[in-house]
Amino acid sequence: MEEALNSTIDPACLQEPPLAIDVIKQLDVFEFWLYSMFTFMSCMSLLLYLEQCVYIYKKLPYPKKTTIMWINGAAPVIATMACFGMWIPRAVMLTDMTSNCYFAVVVYKVLVLMIEEFGGSSVFLERFSGKTFRINTGPCCCCCPCLPRVPLSRRLLFWLKLGALQYAILKTVLSILAIILWTNGNFDLSDLEITGTAIWINPFIGILTITSLWPVAIVFMNTNIFLRSLKIVPKYAMYQLVLVLSQLQTSIINILALDGTIACAPPFSSQARGSMLSQQMMIMEMFIITLVNRFLYRRIYDSLPSEAHDNDHNDKAALQAALVEHDV
């Protein structure tokens, strides 16, 4: 029975991903233009980013400009790596890990950007000294409203930065380790046995990811009201969208490919075809995000109002609310 079943499976569905030359040879006219369109999108994303870097370098002060360059580079870098993975299927693991390592740094840079918008760590601490931060935010403690508010201190700010920075460091270290094991045949994403290395490394990376997203969410939820004039909400939304598309979407497609839901299409196995579809979707999505980020970051903002201005604004709002309540 098993022999009869195996005889109906194309041998290409059980092989490694094809070489780049094999991918090019099997392209028809429609697929050739499709691949060309995706390549054009990734190249345009990279060119727009480089032009944006020139603008940011000339218009913004240090160190804010380097932070914004890092954040703006997430979508173009992911699109470029996805283009390489589309044309060279056997390099998908390297391209995906490169994109993920870059985005791990971006997670930390988003936290740094919100602090730098207030003038740096010292000004940030002075502005929020004596105030408390709510920590019941996602992705860790959004369902724990009973958690007490924590007063902001230099130690708390240090732990928030460290919580985001650890992902950038450990993600890179674990990615290098995974590549080394992969070259030796010890790391395979399809190997879900308890003795496999992937089943141990990937969940640990997931824990690191959640741990790093929490400090960023804490700072955003407690400071976004002061940064509305700097368009921090759509900027944060774009960062979250890149996170979902590059991490969650790719994981879902890989699971569907491992399960056989994504059919084999020689010379692509199910897993290789799932990776190809993921790369193509990623190029389109990152191209759109690059255009949106260009609109959000390509502008010069006035400096933030002082803390006294914020206090006056809050007092006026409280007085107006009291008058409305009295009238009622």
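Here are some questions and answers on the cavities, helix packing and backbone of this predicted model.

The model is predicted, and local features need pLDDT of at least 70, while side-chain atom pairs count only at pLDDT 80 or more and totals for chains, interfaces and linings use all residues. Residues are numbered from 1 along each chain as its sequence is written, and side-chain values use heavy atoms, with hydrogens and water left out.

Q: What makes a space in this structure a cavity, and how many of 30 Å³ or more are found?
A: On a 1 Å grid over the protein atoms alone, a cavity is a set of points where a 1.4 Å probe fits but cannot get out. A search of the whole structure finds 3 cavities of 30 Å³ or more.

Q: Which residues line the largest cavity, and what makes them lining residues?
A: Lining residues have an atom within 4 Å of a point. Here they are Ile71, Ala74, Phe103, Val106, Lys235, Met238, Tyr239, Val242, Asn293 and Tyr297. Helices H6 (92–116), H10 (232–259) and H11 (270–297) each give two or more residues to this lining, and H10 provides the largest share, 4 residues. Helices are DSSP runs (H or I, at least four residues), numbered from the N terminus.

Q: How do the lining residues of the largest cavity divide by class?
A: They divide into 8 nonpolar, 1 polar and 1 charged. Ala, Val, Leu, Ile, Met, Phe, Trp, Tyr, Cys and Pro count as nonpolar, Asp, Glu, Lys and Arg as charged, and the others, Gly among them, as polar.

Q: Which residues line the second largest cavity?
A: Leu48, Tyr49, Gln52, Asn72, Pro76, Thr290, Asn293 and Arg294 do. Helix H3 (29–59) and H11 each give two or more of them. By class, this lining has 3 nonpolar, 4 polar and 1 charged residues.

Q: Why is H3 called roughly antiparallel to H4?
A: The axes of H3 and H4 (residues 64–72) come within 10 Å and cross at roughly 165°. Angles over 145 degrees count as roughly antiparallel, so H3 is roughly antiparallel to H4. The contact (heavy atoms within 4.5 Å) is made by Tyr49, Gln52, Cys53, Ile56 and Tyr57 of H3 and Lys65, Ile68, Met69 and Asn72 of H4.

Q: How do you know that H5 and H11 are roughly antiparallel?
A: Helix H5 (residues 74–87) and H11 pack at an angle of about 155°, with their axes 8 Å apart. That angle is also over 145 degrees, and H5 and H11 are therefore roughly antiparallel to each other. Their contact has 12 nonpolar, 4 polar and no charged residues; among them are Ala75 and Pro76 in H5 and Gln279 and Gln280 in H11.

Q: What makes Pro63 and Lys231 worth a look in the backbone?
A: Most residues other than glycine have a negative phi, and most peptide bonds are trans. A cis peptide bond joins Tyr62 and Pro63, with omega about 5°, and Pro63 lies in the loop between H3 and H4. Lys231 has a positive phi of about 60° although it is not a glycine; its place is in the loop between helix H9 (198–223) and H10.

Terms used. On a 1 Å grid over the protein atoms alone, a cavity is a set of points where a 1.4 Å probe fits but cannot get out, and a pocket is an open set with protein on both sides within 12 Å along at least five of seven lines; lining residues have an atom within 4 Å of a point. Grid points are joined across faces, edges and corners, and a volume is the space filled by probe spheres set on the points. Axes are lines fitted to C-alpha atoms, for helices over the stretch in contact, and angles run from 0 to 180 degrees between N-to-C directions. Angles under 35 degrees count as roughly parallel, over 145 as roughly antiparallel, 65 to 115 as roughly perpendicular and the rest as oblique.
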